[in-house]
Amino acid sequence: MKSCGVSLATAAAAAAAFGDEEKKMAAGKASGESEEASPSLTAEEREALGGLDSRLFGFVRFHEDGARTKALLGKAVRCYESLILKAEGKVESDFFCQLGHFNLLLEDYPKALSAYQRYYSLQSDYWKNAAFLYGLGLVYFHYNAFQWAIKAFQEVLYVDPSFCRAKEIHLRLGLMFKVNTDYESSLKHFQLALVDCNPCTLSNAEIQFHIAHLYETQRKYHSAKEAYEQLLQTENLSAQVKATVLQQLGWMHHTVDLLGDKTTKESYAIQYLQKSLEADPNSGQSWYFLGRCYSSIGKVQDAFISYRQSIDKSEASADTWCSIGVLYQQQNQPMDALQAYICAVQLDHGHAAAWMDLGTLYESCNQPQDAIKCYLNATRSKSCSNTSALAARIKYLQAQLCNLPQGSLQNKTKLLPSIEEAWSLPIPAELTSRQGAMNTAQQNTSDNWSGGPAVSHPPVQQQAHSWCLTPQKLQHLEQLRANRNNLNPAQKLMLEQLESQFVLMQQHQMRQTGAAQVRSTGILNGPIADSSLPTNSVSGQQPQLALTRVPSVSQPAVRPACPGQPLANGPFSAGHIPCSTPRTLGSTDTILIGNNHITGSGSNGNVPYLQRNALILPHNRTNLTSSAEEPWKNQLSNSTQNLGKNGLSNSSILLDKCPPPRPPSSPYPPLPKDKLNPPTPSIYLENKRDAFFPPLHQFCTNPNNPVTVIRGLAGALKLDLGLFSTKTLVEANNEHMVEVRTQLLQPADENWDPTGTKKIWHCESNRSHTTIAKYAQYQASSFQESLREENEKRSHHKDYSDSESTSSDNSGRRRKGPFKTIKFGTNIDLSDDKKWKLQLHELTKLPAFVRVVSAGNLLSHVGHTILGMNTVQLYMKVPGSRTPGHQENNNFCSVNINIGPGDCEWFVVPEGYWGVLNDFCEKNNLNFLMGSWWPNLEDLYEANVPVYRFIQRPGDLVWINAGTVHWVQAIGWCNNIAWNVGPLTACQYKLAVERYEWNKLQSVKSIVPMVHLSWNMARNIKVSDPKLFEMIKYCLLRTLKQCQTLREALIAAGKEIIWHGRTKEEPAHYCSICEVEVFDLLFVTNESNSQKTYIVHCQDCARKTSGNLENFVVLEQYKMEDLMQVYDQFTLVSKINLPLHYHPPHLDTVPWTLHMRPFLLFRK
């Protein structure tokens, strides 16, 4: 197995191959053949290349003394390519892996990707090579193919948790999850990067900045403010980081109402921005923000000076010019305002804020035709946030024009030039002093499409250049492009001319600025129903993150970049999302991390995982730089001496038999459309004997049945459901804690965005807390409000048809929003047998296989409490309360009983289709495991996913089988109780272990400690199922070997192992950093051990914080002799020797269509 790139055997094979080639060449020359000499490598060069692979990306210098390394890599690439060409590609797969590494270090990304893909196609166990996966991830990261970069990086950490560049991986995962709006995952990876003491291309201060900005992006402004202020206390903080932090704090105080009253906020904002400018006087962004602050408090002259400074610092943008326009408009200088707005829209043709402000300006000057044109341009922008209001305004103005007397507009004197005439007007003369000088100085700079000024600003009276395209010509250009394949020769010629002019215009535009500017959308107070001017319609746009940005590389694209969508009232970092593709950075957005740049490509968000034709990917070459000072060769050689460094993971309980886990593909062949709404398996009970009939257990646990509804259970067993009623709960424990989810009331089979304009997967569900008494009051008031509404409807005395019409109309209005907000009381813990003695005792009436505690329930053998899994949880609902889509923790089965009085509607998808739903979540930027999502049924049916749909009535028990995906919505007012169970079956154990490994790959904590549970099962349970026995035995063997190997290595390294043992009902342990399960050998800091707090680390995280473990003690919980004894005594037993009190079910013995007894009825 290999993980560090190229093995010694491969290097030797390469040396031999090059030697053979040299001999053949010499023989050829001796025989008089004339052929061009191929490059060859000396023994010293081959030895030097042996230590170069993807792990050095960002850490090797290619200038000064490193120029020799760069030349060596270039020579190696030529040698390898020559050898592969002569061998017609028939070389060892590792040759391609090496070639990929060399090209990656040279930042020749297309060649690197091509070589990596060839290696992938030839090497079946490619996943064992961590350096290959890391290099592949870096290439995908460069191309903004974040979905695939995330997969590659996750697999690196899975196969080698101690990978020497784990900190780099966590940093990039944090950035990518931030872009994908998976903020919880982003924060976790940033924190994992922060605790790692290994070198990284960003400093810890810069990582802390990303964490603070992540809070700001989530609108957690107080947390963000605290994090920023704490960062300012850091010793030796660089001027760049300090300036950026102060800039963020200033802008937050200007835009966030939660941070105080307006006067105080603006005062602090100005102070922070002034301090930021002291640290970095050349930040045009800070000057712009300062101008916005001055403008908001009426200091017009100061605002104007700040805007001018912003332009002088080469960072003038559409936002700056738009703000200048607003300033002029407020001062009743319409001509100057017009010129500034025109500059803004020339810089950014899709700047909705500028177009809308320009429209209001024309309206105020009574020029409705020009206003309509501006509003239409605003609606065409992807950044426009109020298209419907603009459409209504356009319609209103058009109606006004129709009612005007003919010719009245032509005879009227215009206060402003038309939009066509204004397009070539100069900017105000007083702003051209510095900018004009810069124009001359930058004539010879490289062309670059960015968010800076996109048009020249000539002196007054200067004519527009011939290549300056008018809005009409730009629109014509877009039309010709859209019909490129159907143009006649004359139209093709016209298209070619317009594109040439457009490129020239871009080139001239780019010479106006020296830095790439990330543009963003303003949320403006645009015209709604009147023509009054907004006070400042360029609101909280998102400035660039100067901390890690560099000017983007030259790109020949002719399509202007579209403005980004704001995530928060602050500068963008990697969280900037473009409007082109949801998972890529904008085409002007560049993030520097060591040698690697995230450079916007604009069209590569859907790069396949292993694209066979690498030529379709763009090549954005960047300058080779470095930010590491350490001697990388010594670092790599030292890292391999440490236990677990750069080797395969020793914690997986599946890895020897299979590659890293991946979601299953959709079952084949696909189901026909008429089978996508299957009838739900339902069993009707008449008496207690029916409930305890053995085939019922077998039927429910049969993997062919993803769900079973047991009707009439409460009545058959005479369960007192009143014990779980709201009234009883309040009387029992009225101050008990309730988790509340605030949601939107929607139809059960639909999920709309808050505006009601489109169906989405994301399900709004915000968390808070209350008490049972307070939620009971809300539940009752909700019911009373509904009764009042019903009585009001009846008082209208409408007939049935009118009622039908009204209901239909209400449904239509409901879908258009806004939606009513409701509150769902969830995850109410009933585990305390003292508080809830009567309730828990009542549940002992249930059959053994659905009880909370039973010998045949795997979760009863965990040995400690797992809240909500081997304990009861209660749910208090009002109509519309949603449990979003999910699988149960570690794929265990679940039991859910409806207490009533209302019903619930369930949606269920079989386990085999969870990969399809995972794909849908990825496409919608949602985390399948941790996110809140509500599937769009239309999407599922189109993908041939079957959906079981049924109503759960009071007293009904719903059995969710292992791995089944489900989501639930309350129809009426009701309470539910639920818990998990683990049948003793091979299917249940297999799915639980697979999810345990998948969680590890996804950096998600497994609530069920499967290693700890497997050893307890071996101690407590006799197993007769050969498949189940084999899987448990293998898990024991793997963990036993891991413990023994680690123990021996620690002793050999001179590390003392201290006996600690275990107490009764002591929970399983998890790493406090990465949250993986830690079994037997616990790594605890010296301080934690002395304080007896025992904060546990896994070996990998312990070494990341302390390379030689000098700050840790190792505690042992089991004697190796005891573990070996348990392993030896765990044997397969025959069924005849099993204890009489427990009978394991058999798989596939009772198909659901079989009528086992008269009480078994099956219907939808």
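Reply: The open sheet has four strands in the order β16-β21-β19-β20, with mixed pairing; strands are DSSP runs of E with at least two residues, and helices are runs of H or I with at least four residues, both numbered from the N terminus. Two strands count as paired if DSSP finds at least two bridges between them. β16 (1057-1059) and β20 stand at the edges with a single partner strand each, so one side of each has no neighbour in the sheet.

This is a predicted model, in which local features need pLDDT of at least 70 and side-chain atom pairs count only at pLDDT 80 or more, while totals for chains, interfaces and linings use all residues. Residues are numbered from 1 along each chain as its sequence is written, and side-chain values use heavy atoms, with hydrogens and water left out.

Strand β19 (residues 1081-1085) is joined to β21 (residues 1112-1116) by five bridges, and the two run antiparallel. In this pairing Val1084 stands opposite Val1113. β19 is also joined to β20 (residues 1096-1097), by two bridges and again antiparallel; here Phe1083 stands opposite His1097. In a regular strand, side chains alternate between the two faces of the sheet. Four of the five residues of β19 are buried, so the strand is largely enclosed by the rest of the structure. Buried means under 20% relative accessible area, exposed over 50%, and partly exposed in between, with a 1.4 Å probe and protein chains only.

Helix α37 (residues 1026-1052) lies across β16, β19 and β21 and runs at about 45° to β19. The axes are lines fitted to C-alpha atoms, for helices over the stretch in contact (heavy atoms within 4.5 Å), and angles run from 0 to 180 degrees between N-to-C directions.

Elsewhere, the largest nonpolar core has 111 residues, and Phe153, Val909, Leu917, Leu940 and Trp967 have the most contacts inside it. Such a core is a set of buried Ala, Val, Leu, Ile, Met, Phe, Trp, Tyr and Cys residues joined through side-chain atoms within 4.5 Å. Apart from this core lies another, of 53 residues, including Ala269 and Cys322.
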